[in-house]
Amino acid sequence: MKLVTRAQWGARDYRMPNGATLYSGSRRGVKLHYLGTPYADRPHTGCAAYVRQIQAQHMDGNGWSDIGYSFAVCTHGYVYEGRGLRRRNSANGSTTLNNQDYAVLLLVGSSGLTKPTDEQLHGARDAIDYCRKEGRAGTWLGGHRDSYATSCPGDAVYAWAKAGAPRPKTEEEDMPLTKTDVAMLWKTDGVIGVPADWSPGNEHWAPASLLIDMGKRLRVLQANDAAQTAAITAMANALGRIDAAVDVDALVATVRAAVTEAVESIDVRLDVADTPK
Ligand SMILES: [Zn+2]
Ligand SMILES: [Zn+2]
């Protein structure tokens, strides 16, 4: 777990006596929270400052003795220690609810960034496991909205909690083919010929060369696309300078939409020799 201690994120000291309320009884489980306000993702260098801002809001705005959450998880998967494992949180809505479950915040908003990142789900899962293993939390898992009138933690996080907070699949797991499978596939598909204009005089490309060539062609296409966008924007800006009534942003959007539509209608056919030569 990528734990960031209070000292590491520059937390203010909690206020006495309430901030010092120890609670080390067993808990039913963990409740998840979201920000409930607009949130824009940011580089990780800005995350500690954001957590300090939440703490300031809870202490100076709400008048609480500390940041309300037990832990907070940024989009990069770091777990910020709030009240931690040994103190009662103040985020779940009442003293009973605060004693009952830990409160783990995911830094996602009600608008802007509303869906947790894969890294963040791993971080939240780490925090849940930490509460269970080190903090006497039971297996119950839910959201702030359970037994309390609020939309928190948002539909995406809530659905994930109710699904048991599964770790996101890694790319390897999505790719069920082994190296041997891939070798077999190439062999049995008989893909050894490529269109003559791709490779004059060479009808027997190894799969690796074929993939490298496709990669190069893709990068050329991507560069063309970027150049096209730059040209469209430059033209729109020039028009805007000539005629102030031109809505430059709308013009760029219209032309880009037309280009996208044209690109999406392209049908690519791969001409591959169907019998090995
Ligand atoms: Zn909440
Ligand atoms: Zn971060």
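Predicted model: local features only at pLDDT ≥ 70, side-chain atom pairs only at ≥ 80, totals over all residues.
I started with a salt bridge (a Lys or Arg side-chain nitrogen within 4 Å of an Asp or Glu carboxyl oxygen): arginine 12 and aspartate 60 pair through their side chains, 3.0 Å from N to O. Arginine 12 sits in the loop between helix 1 (6-9) and strand 2, and aspartate 60 in helix 2 (residues 47-61), 48 residues apart. Helices (H or I, at least four residues) and strands (E, at least two) are DSSP runs numbered from the N terminus.

Residues count from 1 along each chain as written, chains are lettered from A and ligands numbered from 1 in written order, and side-chain values use heavy atoms, without hydrogens and water.

Aspartate 60 also bridges to arginine 15, at 3.7 Å between the closest N and O atoms. I checked burial next (buried is under 20% relative accessible area, exposed over 50%, partly exposed in between; 1.4 Å probe, protein chains only). Arginine 12 is partly exposed at 34%, and arginine 15 is partly exposed at 34%.

Then I looked up the zinc ion (ligand 1): its protein donors are His33 (ND1), His144 (ND1) and Cys152 (SG), 2.1 to 2.3 Å away. Donors are N, O and S atoms within 2.8 Å of the metal (3.2 Å for Na, K and Ca); water is not among the atoms, so sites may look incomplete. Histidine 33 is buried at 1%, histidine 144 at 10% and cysteine 152 at 5%.
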